[in-house]
Each structure stands twice: as structure tokens, then as C-alpha cells.
Amino acid sequence: MTLHIPALLAILTMALVTYLTRISGYLLLAGRHLSPRMKAIMDIVPGCVLVAVIAPNFATGHPADLLGLAATLLAATRFSLLPTMLCGVITTGVLRAVLG
Amino acid sequence: MGTMHTTSPSSRQDDFWPDFLRGVKTSLPLLIAFIPFGLLLGSQAVQKGFSIVEVPLLTGLNFAGGSEFAAVGLWSIPPAILLLAGVTFLINSRHILMGAALAPHLRHLRRWQIFLLLFCMCDEVWALTLTDLHTKPGRRFSMGFYAGITVCLYLCWVSFTFIGGYSGNILGDLTRYGVDMAFPAVFIMLLKGMWKGARNALPWCVSLGVAVLVYHLLPGAWYVPAGTLAGILTSLLVVRSI
């Protein structure tokens, strides 16, 4: 149960950087009036962020992972979160066992 | 429902606990992803030289999973602070846009409330909140709902990263069994909640395509800002043409 000063400094620096990214978007837009066009764009942006974060899952070369992702996408069009996750996890697990 | 309230502030306060419970319920399925990833991060961190106290300190103060996995991967003794700060910024720069998207909904809140709630704004908290705001037209940002999701996910993340660090690799290589697919599954469901018809499709596809390309071409986390930026540029064109 020890705390090292360099590690503590690194963790605090990371925490500060992360917090700054979290408040700066708000600070930039707080109190500002958005045009309808700007609003329409701000509606699309969140999805662009999320889809970019999971890009590595689409970039994989493993057939089992790609098929598992396809199964997850298909499940997502029909089910709610919990069954979709189970569908994705189980399909991927089975495919990895079968396809190697 | 026993007492009558005529002023809106008090009725909003009455909504806090029902909304809080609704938030907790909404976030429970996400624990399927949070628990194994938390255990994994904790055990990897200790293997890389984190002490048991430093693990929950990192996950509790930073609370952004992607940057924490990156930090563990880049961890050294002593740690390279500038490198860690740079990578953290790169991975978490998306928060700037996320905060901007949330900003118009926070106008009725006090400043200290806003700065407190933004501290916990991870992808999942943010996306569930925005989706909830969009499901009912005219619905206001609910502090109770936000707090419910946040408390549930935050406690789970910090405690399970700690348990993972304490117990070491108890789960073995869970990714062999497909558990890692829970993470993109959560994001795909979050995207589904944001879907508003074909107008979204083009910017999202461009963002994904560019991110995949950059992921192949450049090392590190550049694919997140690159994909996002390409998606935004596309949305500028799409929105102009409506």
C-alpha cells in the first residue's frame, strides 16, 4: 500500500488534462446562442465521436471478430442493450472457438 | 403524490430520487462491460508497476477508461509524465465536443453543479443523458437521472479496477471468450439512441471510414480526433444542403 510521488504526479496530471477536456467544450459554448444550422451539426457530432472510438473493432482482420461485430449490429437493430450485448459476446466467443 | 407543490423548483426536487433510480436502472446493463474491463485494467496496472492505492486513484480521478488503458500500456517507473499527458489529451479530446453538445441543456443549473457533473462525463454517462433528453421532446436535463447513471458507473469502475489490482488476473484472458465485444456493443446501442434518420448516416460513415484508415496508418490514438473531424466536416456539407 504505497504511493510514489512520481506516480502520483503522473496521475494528477492526467486527471487535470482529462478534466480540462471535459469543461472546455462547455466553457466555449456556455451562454452562447446556437444557430439552427449549428444545432443540426451538434446533433450529428456525438455519433461521429462514438463511432470513431470503436473504429479499431471495425479495423480488425480476424473473421471471427468481424462476424461477431456484424451479429452485434444486427442484434442492435432488434433488441435492447442487455440482449444485444449477450448476443455479441456469445456469438463472438463461439466464432472464436470455431474459427480459431 | 400526497402533497401539492405549486412552484417548479420544488417539483423538480421531488423528481430527483425517482429519476436517480431510473438512471441506476438504465446503467445496470452497462456493468457487463464495466466489470470485466475494470478487473482487466486493475490487474494490468499492477503488473505494470502501479501500487494498489494508485489504481483507484487513477480510475477515480481520471474516470476515462480509454486513456487509462493507454496510460497503463505506456506506464514506466518513473512515469513519462509529458507523454502520458499528451496521449490522455489525444484520447480525451472528444470530451470537448461532448461538453459542447451538452452545454445548451445545462443553462438552468448552477455553475458548481455544472463543474461537478462534467467531472464525471464519460462516454456512457454522456450518451445515455443525451439520448434521454431526446426521447421526449421538451424534456429538461435531469440532475437525478445523470447522478443515478454516474454514481452506479463510477462506483463500479473504481471498485472493480481496485479489485482487479488487488486480486491480480483472476479472470484469465476473458477476451478469448468474446467478452471484449461488450464494449463496442454498448457504443453501438448508444449510437442507435442517437439515430435520427439517414442524415446522420453519411457523417458517421465518413467518421468511421477515416478512423479505420488512420488507425491502420498512424500509431497511437490519432484515429479518434481524425475520424471525428472528418465526420464534422461532412456534417457541415450535409447540413448546408438541407
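Begin by selecting the contact between the two chains in this predicted model, to which chain B gives 78 residues and chain A gives 61 residues. Staying on the side of chain B that touches chain A, pick out helix H11 (residues 182–194) of chain B, from which the largest share of that side, 11 residues, is drawn. For the complex as a whole, the predictor reports an ipTM of 0.86 and a pTM of 0.81.

Next, select chain A by itself and follow its sequence, along which the pattern reads α-α-α-α-α, with 5 helices and 0 strands. Turning the chain along its principal axes, you will see that the C-alpha atoms of chain A fill a box of roughly 55 × 50 × 25 Å. The radius of gyration of chain A is 20 Å, whereas a compact globule of 100 residues would have one near 13 Å. Of the 100 residues in chain A, 44% are buried.

Now move to chain B and colour by confidence: the mean pLDDT of chain B is 86, and 90% of the residues score at least 70. Select helix H4 (residues 54–62) of chain B, where confidence in the chain is highest, at a mean of 97, and then helix H1 (residues 8–14) of chain B, where it is lowest, at 51. Finish with residues 1–11 of chain B, a stretch over which pLDDT stays under 50 and for which the model has 3 contacts beyond four places in sequence.

Technical notes:
Residues are numbered from 1 along each chain as its sequence is written. Chains are lettered from A and ligands numbered from 1 in the order in which they are written. This is a predicted model: local features need pLDDT of at least 70, side-chain atom pairs count only at pLDDT 80 or more; totals for chains, interfaces and linings use all residues. Two residues are in contact if their C-beta atoms, placed from the backbone, lie within 7 Å. Helices (H or I, at least four residues) and strands (E, at least two) are DSSP runs, numbered from the N terminus. pLDDT is the predictor's confidence in each residue, from 0 to 100. The radius of gyration is taken over C-alpha atoms; the globule rule is 2.2 Å times the number of residues to the power 0.38. A residue is buried if 20 or more other C-beta atoms lie within 10 Å of its own, exposed if 12 or fewer, and partly exposed in between; C-beta atoms are placed from the backbone.
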